[in-house]
Amino acid sequence: MPRVHPPIEPHASGMLERPHGARLHWEVSGSDAGRGALYLHGGPGGGLGPGGYRRVFDPERYRIVGFDQRGCGASTPWAIDDLEHLDTNTTGALIADIEALREHLGIDRWLVYGVSWGSTLALAYAQAHPERVTEVILLAVTSGASDEIDWITEGVGRIFPEAWAELAALVPPGERVVEAYARMLRDPDPAVRARAADAWDAWESAHIALSPWAGPGPLHDDERMRANFATLVTHYWSQDCFLDAPILERMDRLVGIPGVLIHGRLDVSGPAVTPWRLHRAWPGSELHILEDEGHGGPGAVAIASATADRFARG
């Protein structure tokens with residue numbers, strides 16, 4: 001295990017009512033007198049999972065907040081159960097959700113910790129509300145740029161050509177792969193949606209294969225989770241993450257906010273050029289490249305935890 005804090009359970013949780021019938025599951029752990037810390041999970045659509053994120057933070061120093069983003073996890077309804085409102089699930093809506101949760105919990109400012117897609121959301125939120133962010137910690141860094149999405153859905157097929165050929169087999173000639181899957185996963189025919197979800201899950205399983213936590217078999221064993229994850233990922237990626245302007249072009253909004261970017265050299269799904277570019281555009285930020293890790297790993301988590309400890313000490 002990486003050097004992190006002991007496991008803890010939430011001492012408070014609830015559901016936050018949001019527009020278009022969305023209800024967001026949130027949980028709080030650690031000290032109510034501590035510094036605010038927000039965790040943003042990956043995906044889109046990954047959910048909080050078993051709660052290992054809490055171990056990054058010292059529970060005596062932090063008030064640790066996590067929530068399941070719209071349409072996934074313990075939030076309701078799931079995306080696959082509410083396709084008619086899927087177009088209301090955007091990055092802008094998630095940023096508004098975060099602000100509503102902050103106000104609901106009475107937190108003035110907080111550290112924001114994002115992993116994978118969560119790092120894109122963390123950056124977008126910090127750029128929209130820099131006055132509410134004390135520090136930013138990013139792990140397995142992404143920024144939602146169109147070239148990153150084209151890489152993870154098409155370019156990386158040069159490394160996994162067998163798996164990519166199976167993914168592309170369902171795509172009509174000339175159509176962007178991710179847009180084709182976003183369309184199929186909203187098809188009126190359940191059989192079309194199921195076939196697309198299975199193909200997408202197989203592709204995700206292939207390109208994360210070099211990560212230390214990845215194992216053989218499907219990324220999601222549960223069929224509903226497989227379909228929900230694929231639906232949300234392709235919904236966001238087909239729209240270049242609903243970003244009005246590239247995050248890289250707005251890094252000036254983060255001047256004065258301490259930031260730490262942690263990334264594995266072996267992360268073929270998201271090459272290290274992304275955190276490197278963000279670091280160069282973010283004065284005062286720190287960049288940690290781990291030579292022996294992929295898309296996350298114990299070393300990256302240990303650095304994230306040590307960084308949170310350092311920020312807590314001031």
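Modeller: Start with Asp267 and His295: their side chains make a polar contact of 2.7 Å. A polar contact is a pair of N or O atoms within 3.5 Å; within protein, one must be able to donate a hydrogen and the other to accept it, and residues adjacent in sequence count only if both atoms are side-chain atoms. This is a predicted model, where local features need pLDDT of at least 70 and side-chain atom pairs count only at pLDDT 80 or more, while totals for chains, interfaces and linings use all residues. Residues are numbered from 1 along each chain as its sequence is written, and side-chain values use heavy atoms, with hydrogens and water left out.

Biologist: Where is Asp267 found?

Modeller: In the loop between β7 (259–264) and α8 (273–280). Helices (H or I, at least four residues) and strands (E, at least two) are DSSP runs, numbered from the N terminus.

Biologist: And which residues does Asp267 touch?

Modeller: Ala140, Glu293, Gly294 and His295, not counting residues up to four places away in sequence. Contact means heavy atoms within 4.5 Å.

Biologist: Is Asp267 buried or exposed?

Modeller: Asp267 is buried, yet has no salt bridge. The nearest side chain of opposite charge, Arg265, is 11 Å away. Buried means under 20% relative accessible area, exposed over 50%, partly exposed in between (1.4 Å probe, protein chains only). For charge, Lys and Arg count as positive and Asp and Glu as negative; His and the chain ends are not counted.

Biologist: How many salt bridges are there?

Modeller: The count comes to 20. The rule is a side-chain nitrogen of Lys or Arg within 4 Å of a carboxyl oxygen of Asp or Glu. One of them joins Arg35 and Glu135, at 2.7 Å, N to O. That pair links distant parts of the chain, with Arg35 in strand β3 (residues 35–40) and Glu135 in strand β6 (residues 133–139), 100 residues apart.

Biologist: Why is Glu135 called buried?

Modeller: Because its relative accessible area is 8%. Arg35, at 27%, counts as partly exposed.

Biologist: New topic. Which residues have the most contacts inside the largest nonpolar core?

Modeller: Tyr181 and Trp237, in a core of 64 residues. Another core, of 22 residues, lies apart from it, and Ala140 and Val260 are among its members. A nonpolar core is a set of buried Ala, Val, Leu, Ile, Met, Phe, Trp, Tyr and Cys residues joined through side-chain atoms within 4.5 Å.
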